[in-house]
Every structure is written in C-alpha cells, then in structure tokens.
Amino acid sequence: MIPKTFKEVIDLGDGRTISIETGKLAKQAHGSVVVQSGKCMLLCTVVSNYKQSDVDFLPLTVDYREKFAASGRYPGGFFKREARPSDGEVLTMRLVDRVLRPLFPKDYHSETQVMIQLMSHDDDVMPDAMAGLAASAAIQLSDFPFECAISEVRVGRINGEFIINPTRAQLAESDIDMVIGASADSVMMVEGEMGEISEEEMVEAIKFAHEAVKVQVAAQMRLAEAFGRKEVREYEQEEEDETMAKGIHKMAYDKVYVVAKAGSSKHERSAAFSEIKEEVLASFSEEEVAEKGDLIKKYYYKAEKAAVRDLTLNEGLRLDGRKTDEIRPIWCEIDYLPSTHGSAIFTRGETQALATVTLGTSREANQIDMPSYEGEETFYLHYNFPPFSTGEARPIRGTSRREVGHGNLAQRALKGMIPADCPYTVRVVSEVLESNGSSSMATVCSGTMALMDAGVQLKKPVSGIAMGLITDTETGKYAVLSDILGDEDHLGDMDFKVTGTQDGITACQMDIKVKGLSYEILVKALKQARDGRLHILTKLTDTIDAPKADVKPHAPKMVTTTIPGEYIGALIGPGGKVIQELQKTTKTTIVINEDPVTEEGLVEILGTDQAGIDAVLAKIDSITFKPTVGSIYEVKVIKILDFGAVVEYMDAPGNEVLLHVSELAWERTENVTDVVNMGDVFDVKYFGIDSRTRKDKVSRKALLPKPEGYVERPPRNDRNDRGDRGDRGNRRPTRQRRD
C-alpha cells in the first residue's frame, strides 16, 4: 500500500507551480522531499550522525547529482555510469552549501550530508534553481538544530520585467541571471551575471527574488506542520567558561589592537598575532592547556576578531593601514610570456594572478554533457590556486570546488564582453601566484588584459573588486571595506565580489553573514564598489588601453568561409585524404561544421602562416568553382585528345573542361595541335551546359573574329526530320516455324 503523503504547492504566478512532497520515498533518511515543477523532479535527502565528530568545524557535505536516466540518456565514456561530478553540478553544490552552512550552530560538529538528485528532467525547468528549496524543506522535516528555513530562486529580466525561475530559453533573452538565497527575514547569498546593469537595478532584482523566497519558506513551514514537526535533537555542546573568556579578552585585546593598527604586512602581522596567542597560552599551566587548549584558542580568536573590527569601526583603519575605501597598490604587465597567444600579470597588494590566453578552432570548444543541458562553450576560463600562493605546502588532489567556483565567477564576468563574431575558441587560464584577498577578482583583471594582449577584440575592459562589511548592531555603526584582505574576509559580516565595465555590473557573488542587512547599506556598498572598480579599471587601461589590432605573429590567424553543402565531401575527400593532405602541405588546421538549417559548410582555417591560409582558400575556391554563363575565363591546355583539348581554369586549378575541336577556330580543324599545344594559355567563353552533350561547353573561336567570307555550315536536321524511311529498322523479321 502506498504510504500517506504530504504535499504543498507553490504558485509562481504565471501558471507554473512547484510542489513539495514527503512521505513516499527514502523514509529512513532523517528528512526527505520530492520537489517537482513540470516534469522536473528532485529528490533530496538529509542525514546527520547523532555522535559529534572529533573536529572543530561542521563536517557538512552538500552533494548534487544529475542522473542521465532523468533525461532518457546514457552516460558517456566506457563504463556507462555516472562518475565524478561535472562543473555544473559542483556549482550547484556551492550555491546550496553557502546558504545552509551558516545556519547550523557553531558548535554542531556531527557529520551531515545533504544529497540532491535530479530524477526526472524537463527542458523548460532549470533544476539548480530548486536545489536550495529542496535542501531546506528536507531539513525542516528532520530534527537537526537549524536556525530557519531558506530557499533559493533564480531571477531574470526580459524587456524590463522580472521573472522567477525562467526557462533556459527565457534566460537566453534575459539581461540578468542571478540566484538569490534567503530566509524570510534576510538575504544571505547572491550570485550571477548581468548585462552591465546599475547598482540600483541589481538591488531591485534582489528585492523581487526575496519576495518569492518568502512564499517558498512559508510553504515549507506548512509542510513541516502537516507532517509533524520533530523535537530538535540534543547534542553535546561545546564547553563555555565565561570567566576565562573575559580574562583572555582583557589579556589579548589591547595587544592585538596595537598590532592591527601598525599596518604591517601579512606575514609580519601573522607572526605578531601568533606571539600574542603564545603569550596567552603561556599564562595557563600545562595541565590547563592540555585540558582546555581548544577553548583558550577559541577565546583568543574572539578577542582578536573584536579588536580588529573595533579598529575599523572606531578609527576607520584596517589591518594593513589603509582607509576603508582605499585600494592596495597595483602594478600590471602584459606580454610577459613569449610563447603564449596572450598573457598578463595583475598584482594588487599581496595578491597576484598570471593569466594566459589560447586561441583555437571550434574543435577546442568546451563540451558540456549534463542530463539537464548539452552544449558547448567557445569561451571558458580555468582558475588554479596552488598551495604556494599562500605560503603552504600541501598535496594537490585534483581541482577543488573552490577553484571551480572562482573560475566560473571570472568567466561570467568576462564572457559578455567577448564579441559574437569572434572566430576563435578562447581559453583563459589564471594561475594565482600570491593570495591575500580576492584572487578571483585579480583573475578578472589579468584575464581582461591577457585577452586584449592576445588581440581578442573585447567590447569593453572589465575589472573586479572584493568588498567587505563590518557592522555593530548595538551602536548602528558600520564600515564598508574596499578591496578586502583574506583576514578581513573571515572577520567581516559580508563578502561580496563585483565585476563590471565602465557602464555597469557584469557579475557578482555575495555572502551576507549578518541578519537583516538593509538595502540602503547594500546600495552604499555597491556604489563604493563601483568607485573601486573604476579605479582598478584605470590601472588596466593605463597598461593596455585597447585590444591589439591583430593576434601575435606566432599565434594562429583564423579565417572562416562557407561552402555549399554539396562540396563538403569534395573538400574532405575519400577517407579524409584531401583535407589531410591540404593541412599537411599548408601547415594549417581546417575544421568543417555543417549548418543544420542551411546545410552549408562552415570552414574554419587556423594557421600562423598567411601563405598557408591563402593556399587553403585557393583550394576551396577551386573545389567550389562554378563558371558563369557568358563569362570569359583564362585556361591552360593540360591534355590533347583526337576530338579536342582538355583545359584547366587558371583561377581554379583542378577544374577541367573539354574544349571540343569544333570550338577551337572558325576554320575547319583537322588536327587539334594545328591550333593549340600542351601548356598553351588562352581565353575561352563559357556557354553553360550543352543541350546535346549535357556537358559544359566552352569556346575559343567565340572570342576570335570571323574570317572574311566565312559561311556558317547548315545545322544538321533533327532525327525526326530525316524523311520517310518506311519500315526500315522498325520491323523485326518473321520467324518461320519448322515442323
């Protein structure tokens, strides 16, 4: 018997709905829901161990996977099984994790797993926009200690009208693509890309999305009440010692304040803070340190955080001595690497990124093969964050989720500025060489310069900046920090990154850690970010003010042309013989793609030598050559026959036509060699297809003057006008029967 289910339906206001159902699937999980919109179905399960882990952080894993069966497809590869998560799945995991993690208690250390699976796909529904809703709804049905329900929605804008959770087709027409995560009271996370919108427009989009989130949060609460809310589990909470906390604060606060105010470098500051921490530990006995060392360190870090925040709020100063709106010193350089197609270094304070650009054909496009989306990217960016960039030594085990997320943010910042007619597939790689605050924004800046250095005709240069916020809810004081350090990221109340051109925002990523942040403060922060962006932008344009007119001499030149569909096979040749030989002799790369609509062939020719490219174009012209009736062409004799000469078009080598002996001259020609010989070059006139022979007809004599007294030979009569032949040839002889 099918068990009883509980269901809530959310109306999106335009005929679409989202339903949340529980009670049928995965009942041994601590919470499970099925979220459905159209034919798209997500199953989300949550489980958290009842025993606390022996770690000082929340071991939370958010896992999002798309099953190929959901769209009736097989996984690619040899094993035909879903393997490691794709970048798209990783990005969805990050979107959900960043909203959930801050809502668990700081002292909750139980192994916790949130699993979201796409079980059924709908082409008109983007599943990542419902992943946060599914995760929160499942948690509401559990006994986890969790602060409040949240949800996430995507917001787009088409013709000035906002829309919640647009389809992929609608998103293609939208100038905004943002995902907003929030509770009923506060916006907590924003990430997306925009078409150079203003700060005010961005805030309006966030407000619109927040109203939709409130509706989804209310639906979760109704579902939890109907299902039966569970008592929040008890767990072993961290030990607290108020007396110790006050003593450590008194011992460390002033010393930390002095170090923070000194405006020293990262390593000097870290060493000074470590010395203060060691002094605090030394004030306790060995037995106390052994028993309560973690607690002592915890209270020290609270004192350190309080001192650094107070310095900024009270005196407007920061750890490195800057004012709140001051940008660190910047230096830039382009064309640093001699063999790359483009390169640039961007250094801001103690953060440095080296970007490279590689140009290729459509064959190098990044193929995306997910159950919810198949396509390709002709512009993509990869971000690498090696351990030496922060002075650490640790093993490298593949690309981290952080690297995928930061690279995606930089890619979204830049991709709108790549012109639609760019013939290349463009890959940007950012190598972070030093990091102390926002290497992703350094990637945007170095990527912009590297693209212009490579000769990619960017519409406009893009810069980026990371901003922070420190607030005091008791006094109402707050400080917006431009170009934050790594330490300021950890101790602040908001970390947001904004990228854009001179005219507007192209991408953003925000994590808001304080409840009830007013939109007025958000607008102020965004406007201060704009000032910082434009300051950084001037540093970029001082280094390279416009894209180079052409690619580097050693970089490949790209030429594209189209050919009629019927000539694609001739260009490729049997078994690829023609195109392979052509690539070998011209030292080029040739890619042919067939347009599914027009059935034309789009030919891409990539090569460093212009002569090789020209040779390929000449070969294409030769293969696709089609003479025009009435036109005159220069030809060369390549073969002598008894009944004429085979000639080759000089403008289209390889294209041959028979020049019949009767078309050589006005006079009767007994021998072809009486008029022309091998290698002779002359003009002929093209008459189209001869109605009698059904072959191309060309004439040399048509371009020669008629001899004086020349008399045209009478045309031969048609076969039907040859007179009466009686029964000749039309009757078969009668056979005599032999007895």
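1. Leaving aside residues up to four places away in sequence, E199 is in contact (heavy atoms within 4.5 Å) with I505, L526, K527, R530 and R533. The side chains of E199 and R533 are also joined by a polar contact of 3.4 Å, a term for a pair of N or O atoms within 3.5 Å, where within protein one must be able to donate a hydrogen and the other to accept it, and residues adjacent in sequence count only if both atoms are side-chain atoms.

2. Residues are numbered from 1 along each chain as its sequence is written, and side-chain values use heavy atoms, with hydrogens and water left out.

3. E199 lies in helix 4, residues 199–227, where helices are DSSP runs of H or I with at least four residues and strands are runs of E with at least two, numbered from the N terminus. Because its relative accessibility is 5%, E199 counts as buried (under 20% relative accessible area, with exposed over 50% and partly exposed in between, for a 1.4 Å probe and protein chains only).

4. In helix 11, the buried residues include L526 and R533, both of which touch E199.

5. The mean pLDDT of the chain is 91, and 96% of its residues reach 70 or more. Over residues 718–739, however, pLDDT stays under 50. Where pLDDT is low, the predicted coordinates should not be read in detail.

Key. This is a predicted model: local features need pLDDT of at least 70, side-chain atom pairs count only at pLDDT 80 or more; totals for chains, interfaces and linings use all residues. pLDDT is the predictor's confidence in each residue, from 0 to 100.
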